[in-house]
Amino acid sequence: MRDFSIRRLGLLLRRDFSAGYKSVFIAMAAVGGFVILVSVLSALGRELGSIHFQLYFPLLFIGGFIATSLSFKELYLNGQGVFYLTLPGSSLEKFLSKLLVTSLGYALGSLFFYTAVSSAAEGINRVIFGFGHAFFNPFTRRVLLAVTVYVVTQAVFLVGSVYFRKLAFIKTNLYLWLFGIVLTIVVAVTAWVIFRDYAVGPRIGLEPYMQELGRSGELEAVLRPMAEKFLQVAKVLFWGAAAPVCWIISYLRLRETEA
Amino acid sequence: MTDTGIEIKNLSFGYTKELLFSNLDLTLELGNIYGLLGKNGAGKTSLLKLICGLRFPEAGSCSVLGREPQYRPAALLEDIYFLPEEFYAPAISSELYQQLYAPFYPRFNPEAFQEYLREFDLRGGKKLSEFSYGQKKKFLLAFGLATRCRLLLLDEPTNGLDIPSKSQFRKLLARAGEEDRIILISTHQVRDMENLIDPIIILDEGAIIFQQPMYEVTRCLHVELEQVQPSGDGVLYTDKTLGGYVVVRKNVSGEETQADLETLFNTVIANRDRIGELFAPAGKEEV
């Protein structure tokens, strides 16, 4: 690719990582303090179940989505937009830098940070009380799955960040809700049209239909494989297509942004 | 497309349905410090933004150093430094700024940068956000000059500079004008640019109505201070000033007189139609 250079991507990454480091440190201090406080209070109440995944989950998702929503904020700020867009780097390099910082960068950074903070909190618990919660293990399947889901879902907020001039996080959420509501209505109307013969008042009672399908063998022979296929397609779309589509939209939008 | 400068052909651009530029043509060659003059809203900043790819033309072509700026190719951005009127200086130290941003410009000269900072009387160790408006501007000007980009676009560069800084700016810029570089300065502060910008480009109502080097201005226009306000067809422009009237006429005697930029600008704006005939190449001039 003529307009891609690893050197420039490295320079952009260095710039993006160092931008706003003060705010990041302040946020880390606040989150760290909160985690230690909750951990100590929880130990004080002798609630010794596993609390760290529950605490890490919002840090990863809510924190990450907010950070992602802020990533292209400079595009729309007076003076900063001109500065950023004329900074020597192609749109692809600028996009990749923001993507890496807010997806893998944030996920790994938050994982490392939370492991350190939770270890410190549990160390304090053991010193004060002689017992504590289980240590946070960043390598469990559940944590790694959460990180993977974050990397996929944050792509939606990256689109929001490059599209919305202001309040990108709130607007992206509103659009997601709107999308959810529209999808629910479409599914409900479609179900009503197909199964209206089974309507019992405002509800659709499918039990007689399913029993009938079960008797005829159609449930096992046709519907179950169809449902499994549908699930497979949905998985492929989620894991393989959702994020790349969002990345392409974000990149194209960045390319056509004027200042 | 040439790789020698800026070539704009039949360019149309507008913010609304009403176009700001319609079929605009402009050619700028390397090795000059161009002055871009125009009234408020004439389109000076928009033209600078089109040249550096911050705005996209609706029709026509714009070639900058052999590339199309609207795609903002990195190789072109490495050769363009744009200092807008509303600029941005991040809240980091000058040293960190240099560390973070200088490597983006392959021809950046750190020694020259330090020299420019010294000449602008800027000390290190301070955050840019702690600088005054004028100091920030001087810092970014020094950085821009040190990038050794082949295209330097400056929008109102002397706004906010104190008197000594304006003089330092003129000196630095005069030194920075190199053979392989275009410096394009958009300004209202014409007195700050006196004896620095040449050729002069005047933009009015979305059209280039004047683009001439100063020797052509001297050849074609005669400027004199007269005690009595003159009248008649030969007079292109008069302006009451201390001690009489500045009178601009067509230069028929061949005597060399110096028109200041403000007088030149007012003369051109007041004679949009006649000025084209006056500056027509020899042989095409109407008698």
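This is a predicted model: local features need pLDDT of at least 70, side-chain atom pairs count only at pLDDT 80 or more; totals for chains, interfaces and linings use all residues.
Q: Hi! What should I know about the numbering and the model?
A: Residues are numbered from 1 along each chain as its sequence is written, and chains are lettered from A in the order in which they are written.

Q: How many residues does the contact take from chain B and from chain A?
A: Chain B gives 25 residues and chain A gives 28 residues, where contact means heavy atoms within 4.5 Å.

Q: And how much area do chain B and chain A bury between them?
A: About 2,500 Å², 58% of it on carbon and sulfur atoms. Buried area is the accessible area (1.4 Å probe) that two parts lose on being put together, summed over both.

Q: Which three residues of chain B supply more of that area than any other three?
A: Arg72(B), Tyr88(B) and Phe104(B), with 27% of what chain B buries against chain A.

Q: How many salt bridges are there between chain B and chain A?
A: The count is 3, each being a side-chain nitrogen of Lys or Arg within 4 Å of a carboxyl oxygen of Asp or Glu. One salt bridge joins Glu78(B) and Arg8(A), at 3.1 Å from N to O.

Q: Switching topic: where are the domains of chain B?
A: Domain 1 covers 31-53 + 66-211 and domain 2 covers 213-278; these bounds come from an automatic or database domain assignment. Their centres, taken over C-alpha atoms, are 31 Å apart.

Key. Side-chain values use heavy atoms; hydrogens and water are left out.
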